[in-house]
Amino acid sequence: MLSHEVIVIGGGHAGTEAALAAARAGARTLLLTHSIETIGQMSCNPAIGGIGKGHLVREIDALGGAMAMAADAAGIQWRTLNASKGPAVRATRAQADRALYKAAIRRMVEHQPNLTVFQAAVDDLVIEGGRVRGAITQSGLRFEAAAVVLTAGTFLAGRIHVGLQNHPGGRAGEAPATTLAQRLREGPFVVDRLKTGTPPRIDGRTLDYSVMAEQPGDEPRPVFSFLGSREQHPRQVSCWIAHTNERTHEIIRGGLDRSPMYSGAIEGVGPRYCPSIEDKVVRFADKASHQVFVEPEGLDTIEIYPNGISTSLPFDVQLALVRSIRGFGNAVITRPGYAIEYDYFDPRGLNASLETKAVEGLFFAGQINGTTGYEEAAAQGLLAGLNAARHVMQREPWSPRRDQAYLGVLVDDLVTHGTTEPYRMFTSRAEYRLQLREDNADERLTPVGRELGLVCDARWDAWSRKAAAIAAERARLQAIWVAPGGALAQALEAATGIAPSREGTALDLMKRPELDYAALAAVPGLGPGVDDAAVAEQVEIGVKYAGYVERQREEIERQRRHEDTRLPADFDYAGLPGLSAELQAKLAQVRPETIGQAQRIPGMTPAAISLLLVALARRK
Ligand code: FAD
């Protein structure tokens with residue numbers, strides 16, 4: 001019971017995906033977490049996905065992870081963001097029932113073969129001779145394993161702030177991991193502080209929805225998992241939109257002298273893209289109003305989450321600012337908003353496998369690597385769990401490339417550039433986003449996930465059937481020739497008004513912007529086409545974007561020439577003639593694993609890369 005192959009510490013979003021992935025990959029895995037009741041707990045907004053984040057969720061799913069399936073079991077309002085834009089930036093977002101989400105994750109953890117859960121606070125890691133050997137709990141139990149994945153979230157030396165009051169805490173109502181944080185600070189890691197925050201929660205019965213704009217979910221309703229279906233979704237509800245006003249902003253400005261952020265009580269840097277309402281009022285002083293998304297926390301609770309007014313102002317100011325919002329005049333707060341500061345580790349201390357460079361077999365994932373968000377945490381967890389299992393099986397680590405997955409972009413950004421503020425995913429971070437779409441995450445990752453042992457038979461069969469259906473439909477359309485004036489061309493013109501001027505295949509016809517798959521398949525002789533919307537979507541996108549995707553593929557090939565050229569871990573950058581002292585220092589700090597990673601270090605020049613290549617050739 002006390003000896004395993006992989007130990008995962010922390011049952012949040014990173015920890016559960018890590019434990020599930022390690023177990024799926026074949027390692028005897030133990031999940032140690034503070035409380036079994038909080039497995040899969042959403043610390044902040046009960047929502048999954050969004051721009052960039054939805055892409056990560058689909059990738060986790062394509063690799064056999066849990067997040068998308070849990071979202072399908074819990075999503076109570078669904079939207080396709082950027083629906084009018086190109087498929088590369090379209091993103092799925094689900095408002096989740098907090099309790100249903102947590103229950104779905106716990107169910108998957110409890111039923112995963114190879115995985116044991118034990119409720120305990122970990123106070124220390126066992127490290128001997130530069131290798132991790134296990135973990136020690138608060139009650140003195142010593143668990144052994146050759147690989148450990150740490151995913152402690154916001155709990156390491158967590159400190160909660162409400163106004164000028166503050167106290168130790170991991171998140172509201174939960175104890176922090178103080179001893180573990182202390183022990184890690186004594187270790188060979190670069191530690192700093194970040195902060196994040198959350199809004200007060202409100203009794204939804206005390207709001208006047210008649211003065212707010214209703215925001216029902218989108219139809220057709222998106223589905224997250226490649227194995228999911230709409231039938232799994234629970235009852236659907238609407239969200240609502242309200243607005244702050246000048247009076248709200250006045251109240252906030254009046255409370256700034258008691259704000260922990262503006263009085264200097266908080267040192268950690270907060271998420272730039274998810275600022276508190278006091279931050280928004282100060283930074284965008286000319287804006288008379290900010291949106292507040294009024295989002296239900298679940299089907300069986302009266303609590304709502306007012307998205308957009310995250311705050312750590314004193315409670316009296318919180319109450320006044322909430323009540324100044326139209327529709328919130330009689331609002332009753334059920335939980336105060338707060339900010340939390342916590343320890344994180346400089347992710348440049350990690351390899352792309354998420355193993356720490358300082359301690360063999362020790363992996364870090366999630367918020368402790370400087371990221372923010374459930375999706376970013378879960379994606380890292382899956383990767384770290386997989387690589388922990390591969391480590392104990394003495395297999396090569398795996399990490400996706402930047403042109404293969406958002407997960408590759410996330411990890412490469414972190415380990416190459418580090419971060420000084422909470423890092424969140426955006427589509428703009430991916431240079432190859434035409435390839436990295438939500439809709440083709442299975443095509444990009446399920447085959448490799450199968451090879452890695454992450455993908456179960458049911459998922460593999462589903463993907464194989466879909467891939468065969470896409471290929472068959474493409475072949476069918478490729479084999480139909482449409483000649484000007486011919487019977488098919490006349491049928492096409494009658495149905496769509498489009499008269500082809502030269503001979504081509506039915507597949508070629510779809511390159512025309514005014515002709516989509518559904519219209520083409522409705523033409524007698526060209527249809528009836530496939531029923532499966534996901535197959536039809538892939539056929540259509542494959543044709544419409546073929547030119548762009550091909551150009552991007554050529555660019556990737558050009559970049560890849562040296563991308564995978566490995567740099568030895570003991571490379572002596574200090575002794576490299578012609579390289580500036582600044583670049584020597586940067587290279588020595590990052591210790592890039594490949595030339596590709598070295599290229600992305602800020603300030604790196606083509607001349608410096610040439611020097612590296614020459615020096616590498618000399619070593620051989
Ligand atoms: P967590 O979800 O924090 O999970 C950590 C787990 O580790 C917990 O189960 C904990 O009990 C366990 N644990 C910790 N230490 C130990 C130990 N020593 N022994 C055993 N178990 C341990 N994200 C956004 O995208 N937008 C936001 O606006 C946002 N606001 C947030 C506001 C607050 C107040 C908080 C707390 C978080 C917020 N987040 C936000 C972040 C989001 O919650 C995290 O990014 C996400 O939960 C990180 O996942 P994780 O698995 O790394 O850590």
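Me: Which residues are the closest to the ligand, and how many surround it?

Reply: 37 residues surround the ligand, with G10, G12, G153, G366 and A377 the closest. A residue gets in if its C-beta atom, placed from the backbone, lies within 6 Å of the molecule. Mind you, this is a predicted model: local features need pLDDT of at least 70 and side-chain atom pairs 80 or more, while totals for chains, interfaces and linings use all residues. Numbering starts from 1 along each chain as its sequence is written.

Me: Which helices and strands each supply at least two residues of that shell?

Reply: Helix 1 (13-24), helix 9 (374-392), strand 2 (29-33) and strand 13 (191-198). Those are DSSP runs numbered from the N terminus: H or I of at least four residues for helices, E of at least two for strands.

Me: What makes the group with V6 and A22 a nonpolar core?

Reply: A nonpolar core is a set of buried Ala, Val, Leu, Ile, Met, Phe, Trp, Tyr and Cys residues joined through C-beta atoms within 7 Å, where buried means 20 or more other C-beta atoms within 10 Å of a residue's own. The largest such set has 114 residues, and V6, A22, V148 and V149 have the most contacts inside it. Helix 9 gives the most to this core, 11 residues.

Me: Why are strand 14 and strand 19 called paired?

Reply: Pairing takes at least two DSSP bridges. Two bridges join strand 14 (residues 201-203) to strand 19, running antiparallel, so they pass. I202 has I333 as its bridge partner in strand 19.

How values were computed:
A residue is buried if 20 or more other C-beta atoms lie within 10 Å of its own, exposed if 12 or fewer, and partly exposed in between; C-beta atoms are placed from the backbone.
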